[in-house]
Amino acid sequence: MELYLDLISPPCRSVFLLAKVLQIPFDFKLVKLSAGQQYTEEFGRINTIRKVPVMKEGSFILTESVAILKFLAQKHAPSAVDHWYPADLQQQARVNEYLSWQHLNLRIHGSRVFLLRTLYPLIMGSEVPEDKMDAAVENLTQSVNLLEDKFLQDKAFIVGDKVSLADLVAVIELMQPIGTGLNVLEGHPRLIAWRERVKQEVGKKLFDEAHESVMKVNSLPQEMQRSSHLQALIPKFQKVFNW
């Protein structure tokens, strides 16, 4: 199995960590997003959408992180640890509910705050307008509140007493703005305790290893400036920042 990843990306970290936890042998194929390697001809033959993560197993190529996570959990998790993607239909539906919700909520708002705080000055040539940043942080705060009040509530994990793909994806998305210095968990003791439980289930050393790049994100603008694909990247980010 080959996994095409860049661990600066939350979906890539989710796939990486699940594969490691389930002890699935794989070749790590780095696609450096800040260098524009997703736009190379070689990677285009793997994924015409030019996004990571991508899983390649023989001639079978699978894109989209949620699809990859479910495939790995269903194929490789022994029955004794099927809690990642439960066989029980109601529990599985709860995992699917969260994974469906998070795309346009915690993921999109966490990523927007991350990009504004790290790349806006490089791409736009100015500091982030205060009203734009305030609105992005407010949207993220609302998503964090919903994560706590609707999905986690007073349970140990989102689905109940066992960790699942929902917890893995949620914690990893939260780490994106945290990597920029914005502590979105401040004032949320339930979420702080839950994050620690998820890290323990994954393995703290492994979790920290996967997050090394995002916790050193200050170097990202310099990496992009050295990229030969910078001029191709700028218009794509400008669309995001003008949204």
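The structure is a predicted model. Helix H7 (residues 165–179) packs with helix H1 (residues 10–21), their axes coming within 9 Å. H7 also packs with helix H8 (residues 189–202), with the axes 10 Å apart. Strands E3 and E4 form a hairpin, and serine 164 lies in the loop between helix H6 (130–152) and H7.

**Helix H1 against helix H7**

- The axes of H1 and H7 cross at roughly 135°, and H1 therefore counts as oblique to H7.
- The crossing of H1 past H7 is right-handed.
- On the H1 side, the contact is made by Pro10, Pro11, Arg13, Ser14, Leu17 and Leu18.
- On the H7 side, the contributing residues are Leu165, Leu168, Val169, Ile172, Glu173, Met175 and Gln176.
- Sorted by class, this contact of H1 with H7 comprises nine nonpolar, two polar and two charged residues.

**Helix H7 against helix H8**

- H7 and H8 pack at an angle of about 115°, and H7 is therefore roughly perpendicular to H8.
- H7 passes H8 in a left-handed crossing.
- H7 contributes Asp167, Leu168, Ala170, Val171, Leu174, Met175 and Ile178 to the contact.
- H8 contributes Trp194, Arg195, Val198 and Val202.
- By class, the contact of H7 with H8 holds nine nonpolar residues, no polar residues and two charged residues.
- Leu168 and Met175 of H7 are listed in the contact with H1 and also in the contact with H8.

- Strand E3 (residues 54–57) pairs with strand E4 (residues 60–63) in the antiparallel sense, over four bridges.
- Lysine 56 has isoleucine 61 as its bridge partner in E4.
- Two residues stand between E3 and E4 in this hairpin.
- Glycine 58, in the turn, has a positive phi of about 65°.

- Serine 164 has 0% relative accessibility and so counts as buried, the cut-off being under 20%.
- Apart from neighbours within four places in sequence, serine 164 is in contact with His83, Trp84, Val95 and Val159.

Notes
Residues are numbered from 1 along each chain as its sequence is written. This is a predicted model: local features need pLDDT of at least 70, side-chain atom pairs count only at pLDDT 80 or more; totals for chains, interfaces and linings use all residues. Side-chain values use heavy atoms; hydrogens and water are left out. Axes are lines fitted to C-alpha atoms, for helices over the stretch in contact, and angles run from 0 to 180 degrees between N-to-C directions. Angles under 35 degrees count as roughly parallel, over 145 as roughly antiparallel, 65 to 115 as roughly perpendicular and the rest as oblique. A crossing is left-handed if the near helix is turned anticlockwise from the far one by less than a right angle, and right-handed if clockwise. Contact means heavy atoms within 4.5 Å. Ala, Val, Leu, Ile, Met, Phe, Trp, Tyr, Cys and Pro count as nonpolar, Asp, Glu, Lys and Arg as charged, and the others, Gly among them, as polar. Two strands pair if DSSP finds at least two bridges between them. Buried means under 20% relative accessible area, exposed over 50%, partly exposed in between (1.4 Å probe, protein chains only).
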